[in-house]
Amino acid sequence: MYYLRQLTVNVFSIHNVKTGEGYFFIYHEGLAKKGSNEVCSFILTYLREEVAINIDELYLYSDNAAGQNKNHSMVCFLMSLVDTGRMSKVVYRLPMRGHSFLPNDRDFGIVKRRLNKVDRYYTVRDVMEIIANANNKFRVRLVKTEEILDFQTWCPTVYKKSPVSEESHVGRKNATKGKREVFAISSYHEFIWKKERKGCVQA
């Protein structure tokens with residue numbers, strides 16, 4: 001009975017709009033959590049292994065989940081892609097809640113219908129096989145603990161956590177006094193980084 005206790009199995013999906021392929025990262029609750037460290041690590045792994053080095057513009061879309069997608073760790077990670085020269089431009093868009101139906105949602109719908117047809121599955125590898133066989137354009141990767149990097153600790157050592165806008169910066173000429181606009185991630189729905197302006201994000 002002990003070995004048949006249920007584990008939560010987490011699935012993270014990246015859908016490549018250009019190729020139509022779904023890339024799934026799968027792991028159980030004993031290997032990793034469901035936070036920004038995991039999301040940034042999965043995107044970094046995907047870029048390293050699946051995206052050609054000559055591609056230097058990245059366009060990302062995701063939902064507005066603050067704990068996973070819309071946070072300082074993600075902003076710092078994407079900024080580092082431009083600052084290190086891996087990308088010349090990164091655009092990150094987060095549609096308003098209730099106003100989006102992303103390709104990932106379709107992928108998960110296909111997976112859910114396939115899982116509902118199976119009476120029992122006992123291991124993570126069983127789930128992997130079900131997802132892989134749900135569509136010929138699905139690829140599945142089993143996550144290892146050492147693949148998860150600590151972006152939350154790294155981020156404040158490299159970038160400011162609460163920068164102010166250029167328009168309200170104290171050292172700027174003609175700065176608007178008393179109207180310091182702090183970088184509040186939750187109020188924005190689009191972020192843009194460009195190589196011409198390293199260390200800056202347009203929101």
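A crossing of two helices is called left-handed if the near helix is turned anticlockwise from the far one by less than a right angle, and right-handed if clockwise. Helices (H or I, at least four residues) and strands (E, at least two) are DSSP runs, numbered from the N terminus. The model is predicted, so that local features need pLDDT of at least 70 and side-chain atom pairs count only at pLDDT 80 or more, whereas totals for chains, interfaces and linings use all residues. Residues are numbered from 1 along each chain as its sequence is written, and side-chain values use heavy atoms, with hydrogens and water left out.

The crossing of α2 and α5 is left-handed. Helix α2 and helix α5 (residues 151-158) pack at an angle of about 65°, with their axes 9 Å apart; axes are lines fitted to C-alpha atoms, for helices over the stretch in contact, and angles run from 0 to 180 degrees between N-to-C directions. In this contact (heavy atoms within 4.5 Å), His 72, Ser 73, Cys 76, Phe 77 and Ser 80 of α2 meet Phe 151, Gln 152, Trp 154 and Cys 155 of α5.

Because Cys 76 lies in helix α2 and Cys 155 in helix α5, the pair ties together parts that are 79 residues apart in sequence. Both Cys 76 and Cys 155 are buried, where buried means under 20% relative accessible area, exposed over 50%, and partly exposed in between (1.4 Å probe, protein chains only). The sulfur of Cys 40 is 8.6 Å from the closest cysteine sulfur, that of Cys 155, and is therefore too far for a bond; Cys 40 is buried, at a relative accessible area of 0%. For Cys 200, the closest cysteine sulfur is that of Cys 76 at 13 Å, again too far for a bond, and Cys 200 is partly exposed, with a relative accessible area of 28%.

An open sheet of 3 strands, in the order β3-β4-β6, shows mixed pairing, two strands being paired if DSSP finds at least two bridges between them. Strands β3 (57-61) and β6 (190-194) stand at the edges with a single partner strand each, so one side of each is left without a neighbour in the sheet. Strand β4 (residues 89-93) pairs with β6 in the antiparallel sense over 5 bridges, and Val 90 stands opposite Trp 193 in β6. Helix α2 (residues 72-83) packs on this sheet, touching β3, β4 and β6, and its direction makes about 25° with that of β6.

Definitions and conventions: Disulfide = S-S within 2.5 Å.
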